[in-house]
Amino acid sequence: AVDLEGYAIDGTVEVIEGAKFKFRVDVDDGYGISSISYSYGNTIKKLTPDSDGVYTVSSECSVYITFEPAFDLEIVNVPKGCKLTAKKGTDVLPMGKQTVVKNSNLSFSTSTEEGSGYVFKHFKVTSSSGEQIFTENEMTFQITDDTKVEAVYENVGTYNITVICDGGGKI
């Protein structure tokens with residue numbers, strides 16, 4: 001962990017009573033944060049960062065950080081009119097490339113809007129162990145390697161309607 005000035009934190013830090021202590025976690029290459037929690041008295045709670053990646057504690061406590069090996073995860077974006085939701089636990093994952101801690105449980109679900117011109121065909125999951133195809137529109141798996149996930153849709157095509165009005169009104 002490092003404080004907001006970039007100094008490494010290891011051991012006990014003295015904080016003025018009533019002040020908040022803010023810090024970031026510096027993760028080594030190839031690793032990710034498995035969990036961050038703090039304990040005070042007999043209570044242990046999960047710590048979550050703000051949108052800038054800063055963690056805050058405001059009372060005497062012990063902070064526990066667990067690092068695990070991490071892998072690259074790429075979630076391929078979907079066509080307009082198609083929806084893909086990716087989650088690690090209850091946290092929604094963004095489309096694109098990211099790092100995910102080894103053995104994280106990932107879940108994916110997809111749907112298409114009526115009239116989008118697409119129907120879901122399958123999920124394609126590619127890693128060093130090969131390519132897997134999942135035909136259900138929901139799937140769950142543990143990440144154990146660098147992985148790419150793609151929801152594959154079939155374009156069902158479109159058709160044209162020609163409207164001819166013979167006077168007396170219009171559509």
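Strand 3 (residues 31-40) and strand 6 (residues 62-75) run antiparallel and are joined by eight bridges, where strands are DSSP runs of E of at least two residues, numbered from the N terminus, and two strands pair if DSSP finds at least two bridges between them. This is a predicted model, in which local features need pLDDT of at least 70 and side-chain atom pairs count only at pLDDT 80 or more, while totals for chains, interfaces and linings use all residues. Residues are numbered from 1 along each chain as its sequence is written, and side-chain values use heavy atoms, with hydrogens and water left out.

**Strand 3 and its partners**
- Strand 3 also runs antiparallel to strand 4 (residues 43-46), to which four bridges join it.
- Ser37 has Tyr64 as its bridge partner in strand 6, and Ser37 stands opposite Lys46 in strand 4.
- Strands 3 and 4 form a hairpin with two residues between them, and Gly41 in the turn has a positive phi of about 65°.

**Aromatic rings**
- The whole structure holds seven aromatic pairs, where rings of Phe, Tyr and Trp (its six-membered ring) pair if their centres lie within 6.5 Å, and planes under 30 degrees apart count as stacked, over 60 as edge-to-face and the rest as tilted.
- The rings of Tyr38 and Tyr40 are stacked, because their centres are 5.7 Å apart and their planes are at 20°.
- Tyr38 counts as buried at 17% relative accessibility, whereas Tyr40 is partly exposed at 31%; buried means under 20% relative accessible area, exposed over 50%, and partly exposed in between (1.4 Å probe, protein chains only).
- Phe108, Phe120, Phe123, Phe141 and Tyr153 are linked into a cluster by ring pairs.

**Tyr159**
- Tyr159 lies in the segment after strand 14 (147-155) and is exposed, with a relative accessible area of 69%.
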